[in-house]
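Subject: Structure handover

Hi,

Here is the structure you were waiting for. Please load it first, then read the notes below it.

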Amino acid sequence: AVVVEEVEDDEEAKRKRKEAKKAKRDKKEIVAPVPIVKAATTVGAPGELEIKVYPEEEAHKYPALQSFDELFDIITKNNKKNGVEDGTKILLNTMKTYIASKQFTKPSPIQSFCWPALFQHKDLVGIAQTGSGKTLAFLFPALYRLELMRQKGQHKTTAKPHPKILVVAPTRELAMQSYQVCVDIGLTGSICLYGGVSKHQQVREMSN
């Protein structure tokens, strides 16, 4: 009987330790990434800006841009490194035309800090307020990546077409805003999908 009690006590102790660990995990708060860069509020970019580059130890390699010319220099250097010196001229012209049409004089803070890392295919978390230029911050690097795939023959049509760029937005409004930027830039084949409406039209768009 003594042996049985000891076994039961041991099982009870294990159960309590397991419950305590679970409770401790449940109480842990999800902590946002500590920003590598904090930029003060500037004209045209309301609110604070937070950026985190991964891996963190390489963040110092990507200083913020001061002009669009610096962005074009990065793209030109990337072209040489990837062996497609003349392959992205159309994309560069597309970017320059869009920038001119919007009368942008220099990159917004979120763009300045994001582009150097994103154009080197680094993972990045960026936080900024509405209207600060986030869509263009991720869309330009995505378009460049897509063009590189085309130049290297990696962008091939398959029997089952699949997205080459996927943008996930938390609301219908933000999804439509991102889609509109894609259309304005001239990204053909863009589709905006969201819930709460008839699916038939969206299915037809995906089928075209």
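A residue counts as buried when its relative accessible area is under 20%. By that cut-off, Pro109, Ile110, Gln111, Ser112, Phe113, Cys114, Trp115, Pro116 and Ala117 of α4 are buried. For the chain as a whole, 28% of the 208 residues count as buried.

Please keep in mind that this is a predicted model.

Overall layout

The chain has 7 helices and 3 strands. Read from the N terminus, the order is α-β-β-α-α-α-β-α-α-α. Take the contacts between residues at least 6 apart in sequence: 61% of them join residues at least 24 apart. The accessible surface of the chain is about 14,500 Å². Carbon and sulfur atoms account for 54% of that surface.

Helix pair α2 and α5

Helix α2 covers residues 68-82, and helix α5 covers residues 134-151. Their axes lie 12 Å apart, at an angle of about 20 degrees. Angles under 35 degrees count as roughly parallel, so α2 and α5 are roughly parallel to each other. The crossing of α2 past α5 is right-handed.

Which residues make the contact? From α2 they are Leu71, Ile75, Asn78, Asn79 and Asn82. From α5 they are Phe140, Tyr144 and Leu148. By type, the contact of α2 with α5 has 5 nonpolar residues, 3 polar and no charged.

Two backbone angles to check

Most residues other than glycine have a negative phi. Two residues here go the other way.

- Glutamine 103 has a positive phi of about 60 degrees, although it is not a glycine. Glutamine 103 sits in the loop between α3 (89-101) and α4. Is glutamine 103 buried or exposed? It is exposed, with a relative accessible area of 67%.
- Histidine 121 also is not a glycine, and its phi is positive at about 65 degrees. Histidine 121 lies in the loop between α4 and β3 (123-127). With a relative accessibility of 44%, histidine 121 counts as partly exposed.

Best wishes

Conventions: Residues numbered from 1 in each chain as written. Predicted model: local features only at pLDDT ≥ 70, side-chain atom pairs only at ≥ 80, totals over all residues. Heavy atoms only, no water. Axes fitted to C-alpha atoms, helices over the stretch in contact; angles between N-to-C directions. Helix = DSSP H or I, 4+ residues; strand = E, 2+ residues; numbered from the N terminus. Parallel < 35°, antiparallel > 145°, perpendicular 65-115°, else oblique. Left-handed = near helix turned anticlockwise from the far one by under 90°. Contact = heavy atoms within 4.5 Å. Nonpolar A, V, L, I, M, F, W, Y, C, P; charged D, E, K, R; others polar. Buried < 20%, exposed > 50% of the residue type's maximum accessible area, 1.4 Å probe, protein only. Areas by Shrake-Rupley, 256 points an atom, 1.4 Å probe, with all protein chains shown as cover.
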